[in-house]
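Colleague: Could you walk me through this model? I would like to start with a few residues and then turn to confidence.

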Amino acid sequence: MAALLSITVAAILTVLQQYSFISLPAEVLMGVRWTVVGVLLLYGLQKRSLTTWILVSMVVGCAIGYDFPGFAVSLNVLSKIFLKLIKTIIAPLIFATLVVGIAGHSNLKQVGSMGWKAILYFEIVTTLALFIGLAAINISRAGVGIDPGLAQSQEEIAPVAAQSTSDIILHVFPENIVKSISEGQVLQIVVFSVLFAIGLAMVGEKKRKPMLDFCESLSETMFKFTNIIMYFAPIGVGAAIAYTVGHMGFGILLNLFQLLITLYVALIVFAVVVLLPVALIARVPIVRFLKAISGPVSIAFATTSSEAALPRAMEEMEKLGVPRKIVAFVMPTGYSFNLDGTTLYLALASVFVAQAAGINLTWEQQLVMVFTLMLTSKGVAGVPRASLVILLGTVASFNLPVWPVFAILGIDELMDMARTSVNVTGNCLATAVVARWEGEFHPEREVGLVETSNPE
């Protein structure tokens, strides 16, 4: 309570000073902020859990970014190191867990059952997200009256060619698995792993067992590898937040505040109206579920990368009671087909672009645009700003001006934090839903991994 109260007081004073509602010496406010940092560090030392240290590091990162912006920008290298380390885990972890989950049980019928149930669930939920985003931007009309001068940005987005339907379909299938791994194409890795596992399941027991033993050992090793890298998570997460605040400052909220609030409110509505009822229907223990995903979601929020949270999320859902074979299949697949936050954002942002350009779209035109976005977003990499690239390509396809996209870029990091957190939450819930549908969700049992995931 003392830590929470300290953060609240420091945040209120800083915001009031930022917008000139009060006038206090800068040294006094800095002293208040760093006193809070000290209190939080003591709190972290008492709790000694990874999730606590990640949350503490986010506040410390905010303080560094606000008080020492030049130094904070240079810390970006630490967040990039963390993301690079995480990306080394993704491919071997997905491959090993999928192969063991499918070939280890030799139940190809269940794989097909999981597949169609997962895809059906993904499409229903993402469609609901799409309509919530569409309704939110039409109610708030955040793009109306936007100043074209906001498009100025220090960052650039490379031009993106419009994708045809055949391009999107071909993107699902790998032509070179090494290339897919190097480019971080999660969906292609999943397709290769599933086909490899099916082929292995068809092999005789004598020749199947050595490969299965290897994949099982690889899977366990990669989870331990994840635990090692998680020791670095508070540093990487704190550096990511420090860079964001130091690079952008808090003042950027004034420019596109309405758009930002529209997205956050729409995501909250989606969580309450869609995800919560789904969790209740699937009889997911809400409190335990929220506790399990707190770590992965905080990592996703700070790094704006779904991939950064994937290994940790898989580990936590297995500990919650979802079988590894279901976690290994549903969650990586969901990273391509079940990006709830990104889908909602794309629906909202595409109409925002038209509003900012002064173009009135009919409901029919809006639906065509957002359904196109939902299709083109399948297989998008779970990395920062990937959805912005998809948006830019789709805007070009519909002959809309590009400058509103660059206006969005000014606050995209803040928007990406929220939508990425919802992506991770939605995919974690999807594993529990499919497991319940398969009759294999046992939250009353602590399954899977040893309790070394929270370093002490």
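Here are some questions and answers on this structure.

Modeller: Happy to; this is a predicted model, where local features need pLDDT of at least 70, side-chain atom pairs count only at pLDDT 80 or more, and totals for chains, interfaces and linings use all residues. Residues are numbered from 1 along each chain as its sequence is written, and side-chain values use heavy atoms, leaving out hydrogens and water.

Colleague: Is Asn423 buried or exposed?

Modeller: Asn423 lies in helix H21, residues 412-437 (helices are DSSP runs of H or I, at least four residues, numbered from the N terminus). Buried means under 20% relative accessible area and exposed over 50%, with partly exposed in between (1.4 Å probe, protein chains only). Asn423 has a relative accessible area of 2%, so the residue is buried.

Colleague: Which residue's side chain is joined to that of Asn423 by a polar contact?

Modeller: A polar contact is a pair of N or O atoms within 3.5 Å; within protein, one must be able to donate a hydrogen and the other to accept it, and residues adjacent in sequence count only if both atoms are side-chain atoms. The backbone nitrogen of Gly341 is 2.8 Å from a polar atom of the Asn423 side chain. The side-chain partner, at 2.8 Å, is Thr342.

Colleague: Where in the chain is confidence highest?

Modeller: pLDDT is the predictor's confidence in each residue, from 0 to 100. The chain has a mean of 77, and 80% of its residues reach 70 or more. Confidence is lowest in helix H12 (residues 252-255), with a mean of 43, while the highest mean, 90, belongs to H13.

Conventions
Helix = DSSP H or I, 4+ residues; strand = E, 2+ residues; numbered from the N terminus.
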